[in-house]
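Keep the structure open while reading.

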Amino acid sequence: MKILMVGGGGREHALIKKLKESRYAPEIICAPGNGGIACDARCFDVSAEDISGMVKLAKRENVDLVFVAPDNPLADGMVDELEAESVRAFGPTKAAAQIEASKVFAKNLMKKYGIPTAEYEVFDNPQAALEYIKSKNEFPTVIKADGLAFGKGVIIAQSMSEAETAISSLMEDKIFGESGSRIVIEQYITGPEVSVLAFCDGKTVKPMVSSMDFKRVFDGNIGPNTGGMGTISPNPYYTNEIAEICMEKIFVPTVKAMAAEGRPFKGCLYFGLMLTNDGPKVIEYNSRFGDPETQVVMPRLKTDLVDIINAVIDEKLDEIDIKWDNGAAACVVLASGGYPGKFEKGMIIKGLDKSGGAEGVTVYHAGTKLSDGRFLTSSGRVLGITATAPTVEEALEIAYDHIGKISFNGMHFRTDIGKC
């Protein structure tokens, strides 16, 4: 069996490592991959967003399956193009991926089908948006770009001046291009956040174990949002009782709603939840595995991932029993100095073995390249140091202990993952 993984970050590395555990012993190739992934898979220099190039690669390499992991190629219809060429693919179609690609679509879907979420209004005119915020005069307020924005299209404005800056940046300066042509202005809600990934085959939904993502760049949850500075699993706030409520009021209704809209969702659906005083509410949907949530969820998966993928594609998810480890996992991200702003690349990473790992933990490469036998930094988030243990506290202790053995110029990480 040969599998092509599309992407080149920590999420893809975690998925590849889990696929390598399969009893089918698949040959794995990846495009574009990164320095660490190159130690686990044969990599090809094809951009994750190059749909025609990826289809050609899949056919040339005669792969049995393509796993489309990132958001942009899903939103642009890579799965549709692969299936049109009779290539088996894991991931939602372009129509189904709209649940992440358009915040407006997602919010309207929840409103139509009674799925709990924060109150909102949609605007395509900056002046109208400002007048609405002035009339409400409620701060903080949440302002979201409609389209994909590298995970950074959500701004929490604490004042009218911050709201004005946010609207101007998104709608007039177009800092995220056309993604900000429409915006969602949303009620600010509070409570613990929970990330739940779920396998879906268009009819059946099977949630994975829960996790908690820490997005702010600095200790104490301060500073700008990032793609994620660390994660733990399970989420301490996600009880069995809350899980049952989410299944009944959010997970199943969402999958049914997508099917009713003629957009059956097949793949991994990410539920970003907030546990408010009024019950769980959806903050956002993602149409794929989260990053770095995948780095703590996949190590806890006991069922063969290849079997699950096939069940999803063949719409037989109800026939498979998915089992999870009862312990815990923790991931701490090592980032480049300056991230999520400007940062330097090409820093030599010390403390890794020749395969890019470290004994006692799993090292997922998010932004590295391999040059002359050395691993160099190549992006903002560089490595994810993941440990498993019976408890989250023990897993964090192991992860942080190993971080002390790894270094590169400008290396930055949070010291309080799992503690706030």
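**The parallel sheet**

The model is a predicted one. Strands of a sheet pair through backbone hydrogen bonds, in either the parallel or the antiparallel sense. In this model, five strands with parallel pairing make up an open sheet, in the order β3-β2-β1-β4-β5. The edges are taken by β3 (42–43) and β5 (89–90); each has a single partner strand, so one side of each is left without a neighbour in the sheet.

Within this sheet, β1 (residues 2–7) pairs with β4 (residues 65–68) in the parallel sense, over four bridges. L4 is found opposite V66 in β4.

Two helices lie across strands of the sheet. Helix α1 (residues 10–19) lies across β1, β2 (27–32) and β4, at about 165° to β1. Helix α2 (residues 51–60) lies across β1, β2 and β4, and runs at about 165° to β1.

**The antiparallel strands**

Strand β16 pairs in the antiparallel sense with β10, over nine bridges. Here F199 stands opposite C268 in β16. Seven bridges join β16 to β17, and these two strands also run antiparallel. In that pairing F271 stands opposite Y285 in β17. A hairpin of two residues connects β16 to β17.

Is β16 enclosed or open? Of its 11 residues, 10 are buried, so β16 is largely enclosed by the rest of the structure.

**Aromatic pairs**

A pair of aromatic rings is described by the distance of the centres and the angle of the planes. The model has eight aromatic pairs, counting rings with centres within 6.5 Å. Two of them are listed here.

| Pair | Centre to centre | Angle between planes | Type |
|---|---|---|---|
| F199 and F289 | 6.1 Å | 70° | edge-to-face |
| F251 and F271 | 4.5 Å | 50° | tilted |

Which parts of the chain does the pair of F199 and F289 link? F199 is in strand β10 (residues 193–201), while F289 is in the loop between β17 (279–286) and α10 (294–297), 90 residues apart. Both F199 and F289 are buried. Ring pairs also link F199 and F289 with F67 and F90 into a cluster.

The other pair in the table links distant parts of the chain too: F251 belongs to helix α9 (residues 240–260) and F271 to strand β16 (residues 266–276), 20 residues apart. F251 and F271 are both buried.

Methods
Residues are numbered from 1 along each chain as its sequence is written. This is a predicted model: local features need pLDDT of at least 70, side-chain atom pairs count only at pLDDT 80 or more; totals for chains, interfaces and linings use all residues. Side-chain values use heavy atoms; hydrogens and water are left out. Rings of Phe, Tyr and Trp (its six-membered ring) pair if their centres lie within 6.5 Å; planes under 30 degrees apart count as stacked, over 60 as edge-to-face and the rest as tilted. Buried means under 20% relative accessible area, exposed over 50%, partly exposed in between (1.4 Å probe, protein chains only). Two strands pair if DSSP finds at least two bridges between them. Contact means heavy atoms within 4.5 Å. Axes are lines fitted to C-alpha atoms, for helices over the stretch in contact, and angles run from 0 to 180 degrees between N-to-C directions.
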